[in-house]
Amino acid sequence: MNQSDVMILENVSKSFGEDWARETVVKDLSLTIKRDQLTAIVGPSGCGKSTIVNLLAGFELPDEGRITLEGKPLLGPSKDSLVVFQETALMPWLTTYQNVVFGPQLRGDMPKDELKSAAESIIDTVGLREFRDKYPLQLSGGMQRRAELARALINQPLVMIMDEPFRGLDAMTRQLMQEFYLRLCEQEARTNVFVTSELEEAIILADSIVVLSNKPASVREMLQIDLPRPRNLDMLNSTEAYEYKRHAMEILHEEAMKSFKGTDTNSDFLEAYSRRA
Amino acid sequence: MTQSSKKENGGILKKIFSDLTFKRGIASILIFLILWEIGFRFHEWFGIMVPFVGKIDAPTLVVARWREVVLQPGYWESWYLSFGRVFFGFLVAQVIGIPFGLAMAVNKNFRGLFFPPFEILRPIPPLAWVPASIIFWPTTELSIMFVTFLGAFYTVVINVLGGARSIDIQYLRAAQSMGATRWDLFRKIILPGTLPSIFIGAAVGMGITWEVVLAAEMISGGGQQSGGGLGFFIWSSYMGGVMDQVIVGMISIGLAGYISSSLIRYLGHISMPWRRMF
């Protein structure tokens, strides 16, 4: 094992359903998550990204293959591979502060005053100081995502898994969140997995992008993104970024089209679609 | 924070009375009473009877009767008896129903064992239990309470079970990955997550207990004590042909039900602060 490998997936497969209607969602997926890097996972919608998230987080166990975290097999959910969920999973009955301290308080692995100051500084970092005692429903969509980030960060996970964390936000908030997240990642080194269906988001955030194949999901291609850091959203207009995008788009189209194959109507649609692309 | 508490101190009553919703409510009740009065007086004034409404004693008569009735201790004993039965039955339904529903929600074996008999018993109307319950329980009082308990019990259990099972799995997963044990999940996620359903069950259950207690009092003859409960009060007024007193009884029940459900809403309000910030 290489020192820079935090999480390794080897030939992981996962199927669902009874024997007579078994569907393979992930097949022969091999992947290495590098330390202190942001690995983005993109794929056509419905390709099994959520299943991969569940596998990385230990909510599901692979049928075949194995997943190791720092050399140890991953056997269930733990604070070392934490998920920041799509939409929000903040407990609606807890205030921002109570949500943030939820994990450490549960485990009791942090002295009280230390926890208090750690929580307050993280809440400051995500800019929610004034909303410390508000309930999630009183926060805007963007604030909820930041609160959720804070709740994950305080646990200092080995790998933080972001499952389409900015989905459902309006375009403006989404951009702000992307910029915020960029700064957060560049301030302090963390190992992140960022799952998204937005290619541009992946390019601007990631050190490397894993492009998935259509269902059953496996790694179609690995892209190294060598845009300089610190980054900003304007870099999306550079020729390099454009090249990455064009290349990844090609693969994604090819994969997305697989789910349309089969009927005549669909082949007409596909022709029109590929001409547009 | 300080601003809102200052506002609250500045005369809640004044705020309520100047509230438009409150004014509308008062106006609608007044209009209703006036129309009712006119309906009754129509026969005196114009010689024609308004169907249905004309037969019901007018609000002025009802109020006059009420002023007599409030002086009788039997009336207040009826209030006291019905309230006692409702609250006892209701409380026992909560105390047994909430843990029972939660247990069915979190434990597959428990659900497998107890859900089928529960579902067979549930469609039996509580009032169908009156004869059996009179035979089974040593006193009429206990049998009325038992029937009242049944009225709330099923609703409480169904709401708790449904509420606990519809908790978003993401909360459970988030807590699990932060290191929650099974007991933590139950205490910190399932319990607070079910609280809204518990209060819905309580509010609906409270309504049903009032329905049931009145019918049970009518059927059972109200027990041996004087007064006999509001249901018996209505029934005996009807038997005595005192129609305005029947209406006094009906309105009393309306008020009693309103007081009880306000109490539950208030409890829900203070125990679920996250649901009241708009």
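1. The crossing of helices H10(B) and H11(B) is right-handed, a crossing being called right-handed if the near helix is turned clockwise from the far one by less than a right angle, and left-handed if anticlockwise. H10(B) spans 182-220, and H11(B) covers residues 230-239 of chain B; helices here are DSSP runs of H or I with at least four residues, strands are runs of E with at least two, and both are numbered from the N terminus. The two helices pack at an angle of about 50 degrees with their axes 7 Å apart, where axes are lines fitted to C-alpha atoms, for helices over the stretch in contact, and angles run from 0 to 180 degrees between N-to-C directions. That angle makes H10(B) oblique to H11(B), since angles under 35 degrees count as roughly parallel, over 145 as roughly antiparallel, 65 to 115 as roughly perpendicular and the rest as oblique.

2. Before going further, note that this is a predicted model, in which local features need pLDDT of at least 70 and side-chain atom pairs count only at pLDDT 80 or more, while totals for chains, interfaces and linings use all residues. Residues are numbered from 1 along each chain as its sequence is written, and chains are lettered from A and ligands numbered from 1 in the order in which they are written.

3. On the side of H10(B), the contact with H11(B) is made by B:Val213, B:Leu214, B:Ala215, B:Glu217 and B:Met218, and H11(B) contributes B:Leu230, B:Gly231, B:Phe232 and B:Trp235; two residues are in contact if their C-beta atoms, placed from the backbone, lie within 7 Å. These residues divide into seven nonpolar, one polar and one charged, with Ala, Val, Leu, Ile, Met, Phe, Trp, Tyr, Cys and Pro counted as nonpolar, Asp, Glu, Lys and Arg as charged, and the others, Gly among them, as polar.

4. H10(B) also packs with helix H12 (residues 243-271) of chain B, at an angle of about 165 degrees and with the axes 10 Å apart, which makes H10(B) roughly antiparallel to H12(B). The crossing of H10(B) and H12(B) is right-handed. Among the residues that meet there are B:Leu195, B:Phe199, B:Trp210 and B:Leu214 in H10(B) and B:Ile253, B:Ser260 and B:Ile264 in H12(B). The residues of this contact divide into 10 nonpolar, six polar and no charged.

5. Between the chains, 13 residues of chain B are in contact with 20 residues of chain A. Helix H9 (169-177) and helix H10 of chain B each supply at least two residues of the side of chain B that touches chain A, and H9(B) gives the most, with six residues. That side of chain B divides into seven nonpolar, four polar and two charged residues.

6. Chain A holds an open sheet of six strands in the order S6-S7-S8-S3-S9-S10, with mixed pairing; two strands pair if DSSP finds at least two bridges between them. Strands S6 (81-84) and S10 (219-224) of chain A stand at the edges, each with a single partner strand, so one side of each is left without a neighbour in the sheet. Neighbouring strands of this sheet are turned by 20 degrees against each other on average, direction ignored.

7. Within that sheet, S3 (residues 38-42) and S9 (residues 208-212) of chain A pair in the parallel sense over four bridges, and A:Ile41 stands opposite A:Val210 in S9(A). A:Val210 also has A:Met222 as its bridge partner in S10(A). S9(A) and S10(A) run antiparallel, joined by five bridges, and a hairpin through six residues links them.

8. A further open sheet in chain A has four strands in the order S2-S1-S4-S5, with antiparallel pairing. Strands S2 (23-34) and S5 (72-73) of chain A are at the edges with a single partner strand each, so one side of each is left without a neighbour in the sheet. S1 (residues 5-16) and S2 of chain A pair over eight bridges in the antiparallel sense, and the bridge partner of A:Asp5 in S2(A) is A:Lys34. Helix H1 (residues 49-57) of chain A packs on this sheet, touching S1, S2 and S4 (64-69) of chain A, and its direction makes about 55 degrees with that of S2(A).

9. As to confidence, pLDDT is the predictor's confidence in each residue, from 0 to 100. Chain A has a mean pLDDT of 87, with 93% of its residues at 70 or more, and chain B averages 86, with 93% of the residues scoring at least 70. Over residues 1-8 of chain B, pLDDT stays under 50, and the model has zero contacts beyond four places in sequence for these residues. For the complex, the predictor gives an ipTM of 0.83 and a pTM of 0.80.
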